Amino acid sequence: MKKSTKVVAAAAAGALALTAGVTAAANAGAGPAPSAVPAVDIQPVPANVVQQNRISVGASAKAVQAALAKCQADNLPFVTVAVVDRFGTVQALLRGDNAAEHTIEAAREKAYTAAAFGTPTSELAKRINGTGPSIADLPGTLFLAGGLPLKVNGVSVAGIGVGGAPDGALDEACAAAGADAIAAAAAGQ
């Protein structure tokens with residue numbers, strides 16, 4: 001190592017040590033810790049709190065399994081099935097053998113679109129027309145057949161979406177099988 005390289009290395013090491021010392025002193029704190037801000041306890045009355053229905057993990061799992069089983073029976077092993085809550089958060093996702101990467105997002109977006117609008121995506125796709133901005137421009141949505149809303153007492157609480165079949169009607173048939181699995185499980189209780 002050259003002398004100039006040693007000097008630069010020594011200077012860098014010194015700067016690092018100085019910085020570490022200043023950081024340690026700052027982190028040690030010179031004064032008392034700030035007092036904690038107390039939490040506000042909001043009373044759970046209807047005017048303050050909104051109740052939310054969600055599809056259970058068990059029902060979500062049954063739905064994605066039933067939908068994928070339908071697609072496999074129809075010789076469509078390359079699809080992905082997603083169940084999301086009405087805010088688009090994935091509750092269950094099952095990717096079929098040979099399903100391409102893009103099918104994951106397609107299934108999730110179809111499920112979210114159906115849940116958010118409370119309408120099958122095949123019906124929503126019919127409403128898209130013209131060349132100007134439309135609801136189809138909303139981020140995270142996909143207006144192609146294959147997404148169905150899951151409703152409780154007539155209110156959309158989730159959605160199931162299937163992506164990857166060569167035709168949206170095939171995706172929708174698989175999604176319907178998943179939705180039917182939840183309805184059948186609820187009826188059997």
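Which residues form a disulfide, and how far apart are their sulfur atoms? I opened the predicted model with that question. C71 and C174 form the disulfide, and their sulfur atoms lie 2.0 Å apart. I counted one disulfide in the model.

**Entry 1: the disulfide**

I looked up the torsion about the S-S bond. For C71 and C174 it is about 125°, so I noted the disulfide as right-handed. Next I placed the two cysteines. C71 lies in helix α2, residues 57–73, and C174 in helix α5, residues 168–187, so the pair ties together parts 103 residues apart in sequence.

Are C71 and C174 buried or exposed? C71 has 0% relative accessibility, so I logged C71 as buried, the cut-off being under 20%. C174 also comes out at 0% and counts as buried.

**Entry 2: α2 against α5**

For α2 and α5 the angle is about 140°, and the axes are 7 Å apart. I recorded the crossing of α2 and α5 as right-handed.

Which residues of α2 and α5 make the contact? From α2 I listed A59, K62, A63, A66, A67, K70 and C71. From α5 I listed A173, C174, A175, A177, G178, A181, I182 and A185. By class, the contact holds 12 nonpolar residues, one polar and two charged.

**Entry 3: T113**

I moved on to helix α3, residues 102–117, where T113 lies. T113 has a relative accessible area of 0% and is buried. What does T113 touch, leaving out residues up to four places away in sequence? I found T121, L124, G140, T141, L142 and F143.

**Entry 4: positive phi outside glycine**

N98 is not a glycine, yet its phi is positive, about 70°. I located N98 in the loop between β2, residues 90–95, and α3. At 68% relative accessibility, N98 counts as exposed.

N153 is also a residue other than glycine with a positive phi, near 50°. Where is N153 placed? I found N153 in the loop between β3, residues 147–152, and β4, residues 155–163. Its relative accessible area is 78%, so N153 is exposed.

Definitions and conventions
Residues are numbered from 1 along each chain as its sequence is written. This is a predicted model: local features need pLDDT of at least 70, side-chain atom pairs count only at pLDDT 80 or more; totals for chains, interfaces and linings use all residues. Side-chain values use heavy atoms; hydrogens and water are left out. A disulfide is a pair of cysteine sulfur atoms within 2.5 Å. Helices (H or I, at least four residues) and strands (E, at least two) are DSSP runs, numbered from the N terminus. Buried means under 20% relative accessible area, exposed over 50%, partly exposed in between (1.4 Å probe, protein chains only). Contact means heavy atoms within 4.5 Å. Axes are lines fitted to C-alpha atoms, for helices over the stretch in contact, and angles run from 0 to 180 degrees between N-to-C directions. A crossing is left-handed if the near helix is turned anticlockwise from the far one by less than a right angle, and right-handed if clockwise. Ala, Val, Leu, Ile, Met, Phe, Trp, Tyr, Cys and Pro count as nonpolar, Asp, Glu, Lys and Arg as charged, and the others, Gly among them, as polar.
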